[in-house]
Amino acid sequence: MLRPLLIAAVVVLAVGVVSADAAHAVWSGLVIAENVPQPAAIPPELTKFEQTLKDLFGYNQFEVIGQSNKTLRTGEEDWLAASKYFSLHCDARGESDAGYALNLKLYKEKDILLETEANLSRSSPLVIKGPQVGNGQLLLVLVVKDDEQIHRRRRAEPANPISAGWYRLRRAIHRIIP
């Protein structure tokens, strides 16, 4: 009688752990793209899709002028990525299997330049072409990163799914029973 109850408790804990660890970190950046004779190295946040940015927009340098990292737990959070003159207000309106529904507002100082609804996919970045800035272009870049992947980099957990599941279950039990 006790064994089925114990198995049920472990399954409930494991399912709870998976959903608790399903939070995602979103990196949001205000990026100035421009063509220069000696381009600087691309910022680390953009290295995964550097060539795509170059091909799509035709610029050879990308500089992050404002950024924000936000962990989404409910899918209803809001955050701000700001620079000296521009700010991007992001308001998450809910989560689906594909990603997050967002309301985005771009401001130049206190004036609103853009307000739009967008879907931020978990599998690819969202890049929106903003206004011309000097000789370049302002780009709004949002990228979803798995919170679990961020923690894994810090604490070299095994990549094996069974071992990773065991570590998540063990962490959940330690959170419940200090």
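The protein holds 4 helices and 8 strands, where helices (H or I, at least four residues) and strands (E, at least two) are DSSP runs numbered from the N terminus. Along the sequence these elements follow the pattern α-β-α-β-β-β-β-β-β-β-α-α. This is a predicted model, in which local features need pLDDT of at least 70 and side-chain atom pairs count only at pLDDT 80 or more, while totals for chains, interfaces and linings use all residues. Residues are numbered from 1 along each chain as its sequence is written, and side-chain values use heavy atoms, with hydrogens and water left out.

**Overall figures**

- Of the 178 residues of the protein, 38% count as buried, a term that means under 20% relative accessible area, with exposed meaning over 50% and partly exposed in between (1.4 Å probe, protein chains only).
- The accessible surface comes to about 10900 Å², and 56% of that surface belongs to carbon and sulfur atoms; such areas come from the Shrake-Rupley method with a 1.4 Å probe, and for residues only the protein chains shown count as cover.
- Among contacts (heavy atoms within 4.5 Å) between residues at least 6 apart in sequence, 49% join residues at least 24 apart.

**Salt bridges and a charge over a ring**

- The count comes to 3 salt bridges, each being a side-chain nitrogen of Lys or Arg within 4 Å of a carboxyl oxygen of Asp or Glu.
- Glu-50 and Lys-54 meet in one of these, at 2.9 Å from N to O, and both residues lie in helix α2, 4 residues apart, or about one turn of the helix.
- Glu-50 is partly exposed with a relative accessible area of 25%, and Lys-54 is also partly exposed, at 26%.
- Arg-93 forms a salt bridge with Asp-91, with the closest N and O atoms 3.0 Å apart; Arg-93 is partly exposed at 44%, whereas Asp-91 counts as buried at 18%.
- Glu-95 forms a salt bridge with Arg-122, the closest N and O atoms being 2.4 Å apart, and this pair links distant parts of the chain, with Glu-95 in strand β4 and Arg-122 in the loop between β6 and β7 (126–133), 27 residues apart.
- The charged end of Arg-122 also sits over the ring of Tyr-100, 5.5 Å from its centre, under a rule that asks for NZ of Lys or CZ of Arg within 6 Å of the ring centre and within 35 degrees of the ring normal.

**Loops**

- Glu-109, in the loop between β5 (99–108) and β6 (111–121), has a positive phi of about 55° although it is not a glycine, and Glu-109 is exposed, with a relative accessible area of 51%.
- Ser-83 lies in the loop between β3 (78–82) and β4 (86–95) and counts as buried at 19% relative accessibility; not counting residues up to four places away in sequence, Ser-83 touches Leu-30, Ile-65 and Gly-66.
- Ala-41 has its place in the loop between β1 (24–34) and α2 (50–57) and is exposed at 71%, while its C-alpha atom is separated by 8.3 Å from that of Phe-62, 21 residues apart along the chain.

**Nonpolar surface**

- Ile-173, Ile-176 and Ile-177 make a nonpolar surface patch of about 280 Å².
- Ile-177 lies in the segment after α4 (161–176) and counts as exposed, at 56% relative accessibility.
- Patches are made of residues with over 30% relative accessible area and no salt bridge, like charges being joined within 9 Å and nonpolar side chains (Val, Leu, Ile, Met, Phe, Trp, Tyr) within 5 Å.
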